[in-house]
Amino acid sequence: MKQNGCFHVYGLLRANEHSSEYKIEFCLKRNRIIILLHGLNVPEQDLNRIPHIFVSQSDANSGTVSLCLFRNKKEKREFKFGDNLRETIIPWIQEWLYFYELYLITGKWYGNGEHPEKS
């Protein structure tokens, strides 16, 4: 589906066969990919404590967040257009979901990676 100059693809993913299912939205625009996760069941005030996400004010009420899955700076680029999504983005989302579900249980993020400091 195309809207606002952005090509949108929707799907459902889970971390593994025992995990909850989540609605994922890929927004592709001008060689940029944004991965949105819909329907997080987390109070709005707790969203800012979850690592590796970006939350816009307009989406916070709906539980929609943008996932931070890879470095996008030219010198450290981990994903580029033409890469196989099945070998990159999809497993990265599944890994994020796995650590997210552990976070819901323990209150601690066990994943690694870099993320810009939240203000």
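Of the 119 residues of the protein chain, 35% count as buried. The model is predicted. Its secondary structure comes to three helices and six strands. From the N terminus on, these elements follow the order β-β-β-β-α-β-α-β-α.

**Chain as a whole**
- The accessible surface of the protein chain is about 8100 Å². Carbon and sulfur atoms account for 48% of that surface.
- Take the contacts between residues at least 6 apart in sequence: 46% of them join residues at least 24 apart.

**Helix α3**
- Helix α3 covers residues 89-106, which makes 18 residues.
- At 1.5 Å a residue, helix α3 should span 26 Å.
- The buried residues of α3 are Ile 89, Ile 93, Trp 96, Leu 97, Phe 99, Tyr 100, Glu 101 and Tyr 103.
- An α-helix has 3.6 residues a turn, so residues three or four places apart point the same way.
- Just after α3 comes Gly 107, with a positive phi of about 80°.

**Ser 19 and its loop**
- Ser 19 sits in the loop between β2 (6-13) and β3 (22-29).
- Ser 19 has a relative accessible area of 7%; that is under 20%, so Ser 19 counts as buried.
- The side chain of Ser 19 reaches the backbone nitrogen of Ala 15, at 3.4 Å.
- Setting aside neighbours within four places in sequence, Ser 19 is in contact with Arg 14 and Glu 101. Glu 101 is one of the buried residues of α3.

**The salt bridge**
- The count of salt bridges comes to one.
- Arg 14 forms a salt bridge with Glu 21. Their closest N and O atoms are 3.5 Å apart.
- Arg 14 has a relative accessible area of 31%, between the limits of 20% and 50%, so Arg 14 is partly exposed.
- Glu 21 also counts as partly exposed, because its relative accessibility is 46%.
- Arg 14 has a further link: Arg 14 is in contact with Ser 19.

Notes:
Residues numbered from 1 in each chain as written. Predicted model: local features only at pLDDT ≥ 70, side-chain atom pairs only at ≥ 80, totals over all residues. Heavy atoms only, no water. Helix = DSSP H or I, 4+ residues; strand = E, 2+ residues; numbered from the N terminus. Buried < 20%, exposed > 50% of the residue type's maximum accessible area, 1.4 Å probe, protein only. Polar contact = N/O pair within 3.5 Å; in protein donor to acceptor, adjacent residues only side chain to side chain. Contact = heavy atoms within 4.5 Å. Expected span 1.5 Å × (residues − 1). Areas by Shrake-Rupley, 256 points an atom, 1.4 Å probe, with all protein chains shown as cover. Salt bridge = Lys/Arg side-chain N within 4 Å of Asp/Glu carboxyl O.
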